[in-house]
Structures are given as structure tokens and as C-alpha cells.
Amino acid sequence: MVRDILIYPDKRLKEVSRPVERFDEELHTLLDDMYETMVTRNGVGLAAIQIGVPLRALIINVPVETDSDDPRVQQPKENTLEVINPVLLEADGKTRYQEGCLSVPGYFEEVDRYREVRIEYQDRHGKKFILEDDDFLAIAVQHEMDHLDGKIFVEKLSILKRKKFEKEWKKRQKKS
């Protein structure tokens, strides 16, 4: 089921998500709904808090190249990385990447991130895994993990860029 995405500055996006304790059908339905919501909105990642569920759960599905315009072909469900209760173990290097967010639609800006990350997480059944990456996935994981801590990528902008964003965002919100 496609769910509504919370849009900045919704106060619920500032909430720190709590750990997942039950790896049951309710969690599985949440993850499935998150996938449907993400691909419908053309996203590559989604944290549970973005649909109003304050649990430490996120998904990422980096699109694959295909001739199809159907996002479900470009982002097959079986390629979805489901990350439950992630813990950052190591982070190294610096990089800058242009990011966007389903909760801040239509806005993109360069953000400083770690180049490499190593995290521990659980899957939908509670099994533990380690993920190491130094590519786009590392950026996406950091972006989504920020959501779990009540942070949005625009908070990482310089003061000047942040003020410019806030001004433009308020104008845009008044028009909608």
C-alpha cells in the first residue's frame, strides 16, 4: 500500500525513531508498504519515520539500468536493501554529493558525507549483517540513518545555503 510521505517542516520528521523489537508480519507489511511508496514517488531510499512510523527501519533500492519506464522494473523489489536497527561501526574519508529527499520534494543540494561506511543492521527476520560501502550506497545509508535520528539533509547545509533554502521553501509552500 502506498502511504503518505511527511513533508518538511512536519514536526514528526524531527522525532528520534525507536528500535525495532518485533520482527513480525506487522514489520514485514511496513517494509512492503515502504517499498511501494518509495518506487511510486521515484525515490531510492525511505526511512519509516518519513511515513509517520518512528521505528529504526529504512530501505534503499538503487535503480538498475533498463529500457523500461516502470520503476518496479528499474528497482526490482528483490534488490531492496532492508535495514533495521542500523549502527554505524566505522566511517572514513570525506565526499560531497548532491542529495534530494522525498520529504523535501524538488530540492537538491550538495551535502558533505563520509566516503566510506561500515554498519551493522538486521534484516526483516532479525538476522544481523554487516554492510561496507564506499559508493552511492554509503551516501544513501547515511542520508536515511539521519532520518532515524530526526535529521534532514538540509540541516547539513552551510548557514547561508540553509537560509536561502528556508526562504525559497516558505515561498513554495505558500503557492501550494
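Where does Asn-42 lie? Asn-42 sits in the loop between H1 and E1. The views below come from a predicted model, in which local features need pLDDT of at least 70, side-chain atom pairs count only at pLDDT 80 or more, and totals for chains, interfaces and linings use all residues. Residues are numbered from 1 along each chain as its sequence is written, and side-chain values use heavy atoms, with hydrogens and water left out.

View 1. Helix H1 covers residues 25-40; helices (H or I, at least four residues) and strands (E, at least two) are DSSP runs, numbered from the N terminus. H1 has 16 residues and reaches 22 Å from its first C-alpha to its last, close to the 22 Å expected at 1.5 Å a residue; the expected span is 1.5 Å times one less than the number of residues. Among the buried residues of H1 are Leu-27, Leu-30, Leu-31, Met-34 and Met-38. Buried means under 20% relative accessible area, exposed over 50%, and partly exposed in between (1.4 Å probe, protein chains only). Just after H1, Asn-42 takes a positive phi of about 60°, although Asn-42 is not a glycine. Asn-42 is exposed, with a relative accessible area of 61%.

View 2. Strand E2 (residues 57-60) is joined to strand E3 (residues 81-92) by 4 bridges; in E3, Val-83 is the bridge partner of Leu-58.

**View 3. Asn-85 in strand E3.** Asn-85 lies in strand E3 and has a positive phi of about 50° although it is not a glycine. Asn-85 is buried, with a relative accessible area of 15%.

**View 4. The largest nonpolar core.** A nonpolar core is a set of buried Ala, Val, Leu, Ile, Met, Phe, Trp, Tyr and Cys residues joined through side-chain atoms within 4.5 Å. Of the 18 residues in the largest core, Leu-30, Met-34, Leu-46, Ile-51 and Ile-59 touch the most other members. H1 gives the most to this core, with 7 residues. Leaving aside neighbours within four places in sequence, Ile-59 is in contact (heavy atoms within 4.5 Å) with residues including Leu-31, Met-34, Leu-46 and Glu-144.

**View 5. The aromatic pair of Tyr-107 and Phe-165.** The structure holds 7 aromatic pairs. The rings of Tyr-107 and Phe-165 have centres 4.6 Å apart and planes at 55°, so the pair is tilted. Rings of Phe, Tyr and Trp (its six-membered ring) pair if their centres lie within 6.5 Å; planes under 30 degrees apart count as stacked, over 60 as edge-to-face and the rest as tilted. Tyr-107 counts as buried at 11% relative accessibility, and Phe-165 at 1%.

Terms used: Pairing = 2+ DSSP bridges.
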